[in-house]
Amino acid sequence: MILLAVDTCLDACSAALVEDDRVLAAVSEPMHRGHQERLAVMVQALMTGAGIRFDQLDRLAATVGPGSFTGLRVGLAFAKGLSSALSLPLVGVGTLPALAEGQKGFVAAVIDARRGQIYLQAFRDGRALMAPDALSVETAAARMAELAGPGPVTLIGSGAPLLAGLFASATVETPDGPDPAAVARLALQAGDRTPPARPLYLRTPDAKLPGGIEPAWDLGR
């Protein structure tokens, strides 16, 4: 099975092409803005470099959040367009599980959500210990103290430094985004029966329509 995975949820624009358990090609470029202009060009170059045609793809994957409201929609809209054009299944992958994928022991994927909040999900040996959530730093610290237990701790993501003071010897990693190959691996593990790929928003968007009305953000419509 050949799968193309894309990620634009955080501060990178990334894509990976895998065949079964082998990574054919992967690329990731740090960026705060400009995902929309860069993603299609990146994917075309990735496919050409790997010698794979679009009609050879069997499945697509895209991260669905949490992350930037605008950024995650770029990758998901691109993947949905390819899915429709190529009649291929599309798998949505959470950003937090993708950040934690492949890590052993107790791992907390932590994204700085600004406004005194973080997006948090904790795992032990790849098994989720909680659902993804948007929490204040204080509440997240209390949740972590309950879940971590003895043993080594890994904090990964842009919000990791905000919780690092809880653990004297924690491993702290702050990548610009998840490894696109990790996104692909999770999509392959999901199998054929997956729910529709929809944005995962853990809090309401900052943007407002005239009159204070919140816009509809569901790409599944």
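Okay, let's start with helix α1, residues 35-50. It has 16 residues and reaches 22 Å from its first C-alpha to its last, which is close to the 22 Å expected at 1.5 Å a residue. One thing to keep in mind throughout: this is a predicted model.

So which residues of α1 are buried? They are His-35, Leu-39, Met-42, Val-43, Leu-46 and Met-47. Looking down the axis of α1, you'd see those buried residues fall within an arc of 125°, so they line one face of the helix. If you're wondering about the spacing, an α-helix has 3.6 residues a turn, so residues three or four places apart point the same way.

Now turn to the face of α1 that points away from the buried side. There you'll find the exposed residues Glu-37, Ala-45, Thr-48 and Gly-49. And what covers the buried residues of α1? The cover includes the strands β1, β2 and β3, plus helix α2, residues 69-86. Just after α1 ends, Gly-51 takes a positive phi of about 70°.

On to those strands. Let's take β1 and β2 together. β1 is residues 2-7, and six bridges join β1 to β2, with the two running antiparallel. The link from β1 to β2 is a hairpin, through four residues.

β2 itself, residues 12-19, is mostly covered, with seven of its eight residues buried. On to its pairing with β3, residues 22-30: eight bridges join β2 to β3, again in an antiparallel arrangement. Here you can look for Ser-14, which stands opposite Ser-28 in β3. β2 and β3 also form a hairpin, this one with two residues between the strands, and Asp-20 in the turn has a positive phi of about 55°.

Last topic, the cysteines. How many disulfides are there? The count comes to zero, going by a cut-off of 2.5 Å between cysteine sulfur atoms. Take Cys-9: it's in no disulfide, and the nearest cysteine sulfur, that of Cys-13, is 11 Å away. Seen from the other end, the sulfur of Cys-13 has its closest cysteine sulfur in Cys-9, and that 11 Å is too far for a bond.

And are these two cysteines buried or exposed? Cys-9 is buried, with a relative accessible area of 0%. Cys-13 is buried too, and its relative accessible area is also 0%.

Definitions and conventions
Residues numbered from 1 in each chain as written. Predicted model: local features only at pLDDT ≥ 70, side-chain atom pairs only at ≥ 80, totals over all residues. Heavy atoms only, no water. Buried < 20%, exposed > 50% of the residue type's maximum accessible area, 1.4 Å probe, protein only. Pairing = 2+ DSSP bridges. Expected span 1.5 Å × (residues − 1). Arc of directions from axis to C-beta. Contact = heavy atoms within 4.5 Å.
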